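These are my notebook entries on one structure. I set down what I looked up, topic by topic.

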Amino acid sequence: MPIKPRPNPDVLGYRKLFGVLGPSTNTVVQPDFDDLRVRGVTNHYSRIVVEDAQAISDETFMAGTLEISRNTIEAVHGVLTCNPDYLVMGMSAVTFYGGAEGAQKWRENIEAEAGLKLCTGSQSLIEAFNAYGGIKKIAVISPYYPSANAQVSQFMADHGIEVVRDECLRCPSWTSIAQVPVSTLRNELRSLDGDDVDALVQVGTNLSMVELAAAAEMYLGKPVIAINTATYWNALRQNGITDQKDGFGRLMSDF
C-alpha cells in the first residue's frame, strides 16, 4: 500500500506518526509507548489478533509466538491506513528467532510488505548496548519458556554478546504476563545480578518493567534495560529525534 503524501503536517504528530504493531493480548506496550512519547510524535496501535493462549508449555509458547508472526502482516495493512511514517514492533520474541540472520530477514519481510522501516526489540537492544558502551556479558529475564530464551541467547551470541545466565518466568498465558508483580521482578533482578555481568536485560513486551528498570539502574549501579524502553528509544533515534526524557533510565535521559 503506497504511502500518500500529506499536504500539511499532522496536527498532533507533526514530527512523526509511529504505527505500532502489538499482539491483541498485550496490555503493556500501548501505555508504555505513550509514556515514552515525546512532543510531536504520536503512536497508532494496530493489534495482531491472537487468542489468549492458556496452559503454555515450551512447545506451545513457540507455536503461539509463530502464530503472532503470521498474523503480523494483517496488522500492518490495518495501520497503514493512517499513513504512518515508521513502524515499531511491540512484540519481541519473534524478533530474536533464527539468530542475527533470521531476525534481519523477518524485519526485512515486514518492511517490504509495508514500504516502511520497522524498529524491532532485538536490534534495539544491540543499539542500546552500543550507546552504553562496554556491554559484553548480560543476564536476561523474560516471561518466556526456555526454548525462546535459547533464541535470545543465540541472537546475542551472533552479535558478540554472552548471556551469562537467564530466568524464564514461564507465564501460563499471554495476558498473565502483564500480571507479574513488581516484587517478583525486583527479586529476580537481584538474583540475576553479579560482578560477572555488565548489564541486566528484560525481554517480553507485555512484562511491565520500564519504571522498575529505571529504578534498578540506580540501586544496582549498572545498565538495566527494559525492552519497551530500548525499542521506543531506538525508534526515536532512527528518525533523528534526539529528545531526552527523565524517569525512564539512562537510555532515555543520556543517549
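I begin with a term: buried means under 20% relative accessible area, exposed means over 50%, and partly exposed lies in between, with a 1.4 Å probe and protein chains only. The model is predicted, so I note that local features need pLDDT of at least 70, that side-chain atom pairs count only at pLDDT 80 or more, and that totals for chains, interfaces and linings use all residues. Residues are numbered from 1 along each chain as its sequence is written, and side-chain values use heavy atoms, with hydrogens and water left out.

**Entry 1: T95**

I looked up T95 and found it in the loop between β3 and α3. Helices (H or I, at least four residues) and strands (E, at least two) are DSSP runs, numbered from the N terminus. T95 counts as buried because its relative accessibility is 1%. I then listed its contacts, where contact means heavy atoms within 4.5 Å. Not counting residues up to four places away in sequence, T95 touches M89, A103, W106, T120, G121, S122 and F155. I also noted that T95 and K105 lie 10 residues apart in sequence and 9.6 Å apart in space, C-alpha to C-alpha.

T231 has its place in helix α8. With a relative accessibility of 1%, T231 is buried. Residues up to four places away in sequence aside, T231 touches F33, V88, M89, C119, T120, G121 and S124.

Q202 belongs to strand β7, residues 199-202. Its relative accessible area is 2%, so Q202 is buried. Beyond its neighbours within four places in sequence, Q202 is in contact with I141, L207, M209, I225, A226 and I227. From Q202 to E167 I recorded 35 residues in sequence and 9.7 Å in space, C-alpha to C-alpha.

**Entry 2: Helices α3 and α5**

Two packed helices are described by the angle between their axes and the distance between the axes. Axes are lines fitted to C-alpha atoms, for helices over the stretch in contact, and angles run from 0 to 180 degrees between N-to-C directions. The axes of α3 (residues 99-114) and α5 (residues 146-158) come within 7 Å and cross at roughly 100°. Angles under 35 degrees count as roughly parallel, over 145 as roughly antiparallel, 65 to 115 as roughly perpendicular and the rest as oblique. The two helices α3 and α5 are therefore roughly perpendicular to each other. On the α3 side the contact is made by G99, A100 and A103, and on the α5 side by Q151, Q154, F155 and D158.

For classes, Ala, Val, Leu, Ile, Met, Phe, Trp, Tyr, Cys and Pro count as nonpolar, Asp, Glu, Lys and Arg as charged, and the others, Gly among them, as polar. The contact of α3 with α5 has 3 nonpolar, 3 polar and 1 charged residues.

On a 1 Å grid over the protein atoms alone, a cavity is a set of points where a 1.4 Å probe fits but cannot get out, and a pocket is an open set with protein on both sides within 12 Å along at least five of seven lines; lining residues have an atom within 4 Å of a point. Grid points are joined across faces, edges and corners, and a volume is the space filled by probe spheres set on the points.

I found 2 cavities of 30 Å³ or more. The largest cavity holds about 170 Å³. It is lined by 16 residues, of which P23, M91, W174, I177 and N206 are the closest to its centre. Helix α2 (residues 58-80) gives the most to this lining of the largest cavity, with 3 residues. The lining of the largest cavity has 9 nonpolar, 7 polar and no charged residues.

The second largest cavity holds about 60 Å³. Among the residues that line it are Y132, E217, I225, A226 and F248. For the second largest cavity, α7 (210-220) and β8 (224-226) each supply at least two lining residues.

The largest pocket holds about 180 Å³. Its lining includes Y86, R107, E111, C119 and Q238. By class, the lining of the largest pocket has 3 nonpolar, 4 polar and 3 charged residues.

**Entry 3: Positive phi**

Most residues other than glycine have a negative phi. N83, not a glycine, has a positive phi of about 60°. N83 sits in the loop between α2 and β3 (86-89). R170, also not a glycine, has a positive phi of about 50°. R170 is partly exposed, with a relative accessible area of 43%.
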